[in-house]
Amino acid sequence: MLMKKILLFIAFLYSCIFAEAQNRSISGKIVDDKGNGVANASVVVKGTTVGTVTNANGSFTLSVPSTARAIVVSYIGMGEKEISLTSSNTYDVSLSANSKNDLQEIVVVGYGTQRRANVTSAQTTVKAQEIENRPFTSVDQMLQGKVAGLQAPLFSGQPGAAQNIRIRGIGSVSAGANPLYVVDGVIINSGDLSRVATTANSLAGINTNDIESVNVLKDAQATSIYGSRGANGVIVITTKKGRAGKTKFRVDAEAGYTSKIDLPEGNRFLNSDEYIMLLEEGVRNSGGTQAQVDAIAAQYGKGNGVNTNWLDLITKQGSQQQYNVSASGGDAKNQFYLSGGYFNQEANVINSDFKRYSLRANFKHIATDKLNFSFTAAGSNSIQHTPNSGGAFANPVGSLPFLRPTQNPYNADGTLNISRTGNNFSSQYNPLYIAQYNRNDLNSTQLEGTLSGEYLILKNLKFTSRFGVDYDNLEEYRFWNQYHGDGVSYGGSGDAFNTRYFNWIATNQLDYYTTVGKEGKFRIDAKLGYESQKSKQYNISTRTEGFPPPNSLYLTINAATVKQASNNIADYDFAGVYSTASISYQDKYILSGSYRRDGSSRFSDENRYGNFWSIGGAWNADKENFLSDVSFLSSLKLRGSYGLTGNAAGIGNYAWRQTYGFGANYNGLPGGTFNVVGNSDLQWESTNQGDIGLDASFLKNRISLVFDWYNRISDQLIFNDPISPTTGFLSVTRNIGKLQNRGYEVTLDATPLKLKDFIWNVSFNVSHNKNKVKKLPGGKDIIDGAFILREGYDYRTFYVREWDGVDPATGNPSWWVDSSHTAATSTYSNAQRQLIGSASPSFFGGFSSTVAYKGFDVEAEFNYNYGNLVRDQWIFYTIDGVDPTSNKTLLNLQRWQKPGDITNVPKYVYGSTNSSSSFSTRFLYKGDFIRLRNITVGYNMSTNLVSRLKLSTVRFYLRGTNLWTKTYDKNLTLDPEAGVNSTGNLDVFFNKIITAGVNIGF
């Protein structure tokens, strides 16, 4: 048996060698209609995957099999040409500009690529040059304003922070609402995988300079092939690959600095004189005598000569740098791409930073004209330090309201002050000490790779097999020192967590492509595949207390007591059969459809499988004879689609199971109890989506327009449905709710001016989405903190008492009793909560303008947001006199002081109990803004000078990020870009970044 296998292997090798021996080499040059060489034009042997691209001069060399009869030459923006092969080995080809749009362009779709002419779905491509060398740690942070229908607002300036993205609104309440991420064909575990870090992002492990394109799939026709995980949209990331030709090297270097973004003026904290003045006034307004005024003022630092600006102390000018080196090239049989990268960003707040080292190797080998192999391999190590967020005293940003300007951060000898007596830190923490001696560290190692092979079974039938791995190992450590802060009561506390994810996915797929008729009027493109995936998670957790001095002995081995040590595992499986097909006639009429049957371990045997499908059609009207003479029209496509997708994200791996757990010990003896009631009827959340779109371009593609209208119904949403407490549980997880998202998207690209040495390009997109809750458990309202879920209203509708203002006669706060506005009250509890606006914007999008003159160019990118409200949920510490011993913001100086004063800030009363700082519409603000997200000034060195230096390209640039923001609410106390929930949480301030860089190619 072994000898038979050896002989078969030898025969296989011989056939490959013989096939290679029959190859011949051809060469030539591809030029445009002016005779200029066309770089990166595609030259492919017809009916095969054997091909190459032209070099910078338009020349190519290609090894073709003896059976080859023709080559196909194409380039974006030019027509496709088929050249018959003769006995000659030299072929020069001229391509002409295609004024009727590039229907031959290949775009990335689910599980493969497709000719743009045949695309019937709504999707957007973000290309490499739009995300390279940007001062963001992950690609998802770079998409804001670039893709119509995609909302990706920042919520934290922490480098490596998680990023919430919504595509065409929110499609789930309790389950996951972020899109699915696919990297080189591998569905990855994305989002915040950490368990201790304040915020982390698995996508931050991918070097964005290695990305070739990002395709955002939006409608059902684009996403249904991903079946049970396509309901929230799909983001397909394709990394760079090598191309045949001379090896190309590229070096990118960038360095600069970060600082905090400009804060609203009303959010400035008071200095010592202002604070003491307000404190004394508050004591008097509370009925205090002058002696009491003097005593309290002295107690909190009056006259001590200290005037500390805590904002200046907890913020800093950080550094920003990244360096990338890559090499790519190959020949007709072997192509490669290699890269190495280093990224380091220090944020504007102390102890907030991110560092990444990355490597990537992508390789493809064409064994014969029928067989090729490829692999991708990438590894990264990320090191991240994250301060706390929210109202934690250990949060440097959150500490600002509690720290008085009369407190000195240092002792007389220059050491850090942690005294708990007098006007010191009896109830607050010195953030400088916390930053120096506490630790909140994350060390993440990521490995991603694929191994795939393609075999051409028949002329038009290809088999592809791919195996991919996504591995994440997170080592986290949190240490609270024993002398100051949260760790004092424990004698120091240390928590060590190790989290490991191992995710593999195997895909086997058949691709069939053919034309029918002598002229190939009918094109058929079909796929059939099977995919299986398994992800395993392994956790180890320890907690220790009682640490010896000094603080440098922070590892758990030094602790006196082990308080907790545990480990657990979790996993999930998916398996699916999928198919898709597209039929076109003369590139005019296209009909496409897809079907997937998915199974998941997250559901019971009775509901383990789901069926997902879509159908779409398109009409390339510009191909019709009656439009052939319309000179200003370059292209016109009408398309529509409808389909069903699913969502199984974020519901837990075992939510359907009735589970019994241990650890409920009794009287020192081990015990167990039921811990999950389970529901075997639990099933997928499902989304039905319809889309109608129009793609058009005019004036030889100088102007292009994309319009989409969609209606998206998310059904069978998962909620915790209340049940009788006599069961031992308060609720059971069930499929109950329904949401609707309906809206439109418009993208407009234009070249208003194009001269010999001057070009001006602009791009604009706008999105409008209307969200509505259609069904809730029992039709009853659900109060979700500051929000309410009510049928017929937006999912993020604020539910809040309505502020009436300040009584000019008394200075007391006033709220409207109800929505009729016929009566007001000074008693907070007497005012009814009302439905007031939404955190969801009415419109959002982006605008960019690029001007280039000879070697110089200037690019400006803006993103904007309109029609939502934002909430400052921590302002009650900084306003009015409820917590008078803490510092206050400048807004308090606008307070009511005497009868007749007209202001929105009540009388300042020491220890006030009038609830004036309780949450009401007083602390909701317009979220409208326009932000200059990026501006870049660049210079490309002239070709002659570059050639003398023996290089191919040299570019210098200066870039600014988040330099300017225009807001539209004068009372705003926080940055209006506050995440998808439009709620500030005292996170690290957004970074204003200035960098200079150079790109060198040779």
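Biologist: Which strand order does the open sheet of three strands have?

Modeller: Strands of a sheet pair through backbone hydrogen bonds, either parallel or antiparallel. Here the open sheet of three strands runs β39-β40-β41, with antiparallel pairing. Strands are DSSP runs of E with at least two residues, helices are runs of H or I with at least four, and both are numbered from the N terminus. Two strands pair if DSSP finds at least two bridges between them.

This is a predicted model, in which local features need pLDDT of at least 70 and side-chain atom pairs count only at pLDDT 80 or more, while totals for chains, interfaces and linings use all residues. Residues are numbered from 1 along each chain as its sequence is written, and side-chain values use heavy atoms, with hydrogens and water left out.

Biologist: Over how many bridges do β39 and β40 pair?

Modeller: Strand β40 (residues 813-816) and β39 are joined in the antiparallel sense over three bridges. Gly805 stands opposite Ser814 in β40.

Biologist: How many helices and strands are in the protein chain?

Modeller: The protein chain holds seven helices and 50 strands.

Biologist: What share of the contacts joins residues 24 or more positions apart?

Modeller: A contact means heavy atoms within 4.5 Å. Among contacts with a separation of 6 or more in the protein chain, 69% are between residues 24 or more positions apart.
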